[in-house]
Amino acid sequence: MSAGPAVDPRGPRFAAILTTIVLAVVLVTQWWPLLAIQTVVFAIGAFVGLKPAPYSIVYRALVAPRLGPTDEREDAAPLRFAQAVGFVFALVGTVGFALDIVPLGVVATAFALFAAFLNAAFDFCLGCEMFLLIKRFSPARASS
């Protein structure tokens, strides 16, 4: 998974706000097709890249032009890892709801909602922090 270029940190936070709204609606309604759509959004961000991710497109088209430019940039790798973690929880939740294993759907969706809310409300990306911890404690690659 190539990280790609560094990104404006306001974009992922905007995406976290939209994700929080979508996942809250899913928890209230238990409508798994909406969670399936969110799963696809996570998959695009994690496996294709942040630039073509739907919420990134909305941010660049509608929000970023209204904000002043920023020189601040964030590494894309932790963000993509966070999207992959979200993808896993959303996929498990989708399967749970679709197969009428409601407790599985609720718990998986609630975990994803919790992480998205932390990012949206407090600018704390749980998946990004996991990425950094994993990277920190992985064995260093031997230099050639």
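**Entry: the cysteines.** I started with Cys125 and Cys128, and both are buried (under 20% relative accessible area; exposed is over 50% and partly exposed lies in between, with a 1.4 Å probe on protein chains only). Cys125 and Cys128 form a disulfide with sulfur atoms 2.3 Å apart, where the rule asks for a pair of cysteine sulfur atoms within 2.5 Å. The torsion about their S-S bond is about 70°, so the disulfide is right-handed. My count by that rule came to one disulfide.

**Entry: ground rules.** I noted that this is a predicted model, in which local features need pLDDT of at least 70 and side-chain atom pairs count only at pLDDT 80 or more, while totals for chains, interfaces and linings use all residues. Residues are numbered from 1 along each chain as its sequence is written, and side-chain values use heavy atoms, with hydrogens and water left out.

**Entry: the salt bridge.** I searched for a side-chain nitrogen of Lys or Arg within 4 Å of a carboxyl oxygen of Asp or Glu, and found one salt bridge. Asp8 pairs with Arg10, their closest N and O atoms being 2.9 Å apart. Asp8 is buried at 16% relative accessibility, whereas Arg10 is partly exposed at 28%.

**Entry: the largest pocket.** I got a volume of about 830 Å³ for the largest pocket (the space filled by probe spheres set on grid points joined across faces, edges and corners). A pocket here is an open set of points on a 1 Å grid over the protein atoms alone, where a 1.4 Å probe fits, with protein on both sides within 12 Å along at least five of seven lines; lining residues have an atom within 4 Å of a point. The largest pocket has 42 lining residues, and Pro12, Ala15, Leu50, Leu79 and Gln83 lie nearest its centre. Which helix gives the most to this lining? Helix 4 does, with eight residues; helix 4 spans 76–98 (helices are DSSP runs of H or I, at least four residues, numbered from the N terminus).

**Entry: the second largest pocket.** The second largest pocket has a volume of about 220 Å³. Of its 14 lining residues, Glu74, Leu79, Cys125, Cys128 and Glu129 are the closest to its centre, so I was back at the disulfide cysteines, Cys125 and Cys128. Helix 6 gives the most to this lining, with three residues.

Definitions and conventions:
Helices (H or I, at least four residues) and strands (E, at least two) are DSSP runs, numbered from the N terminus.
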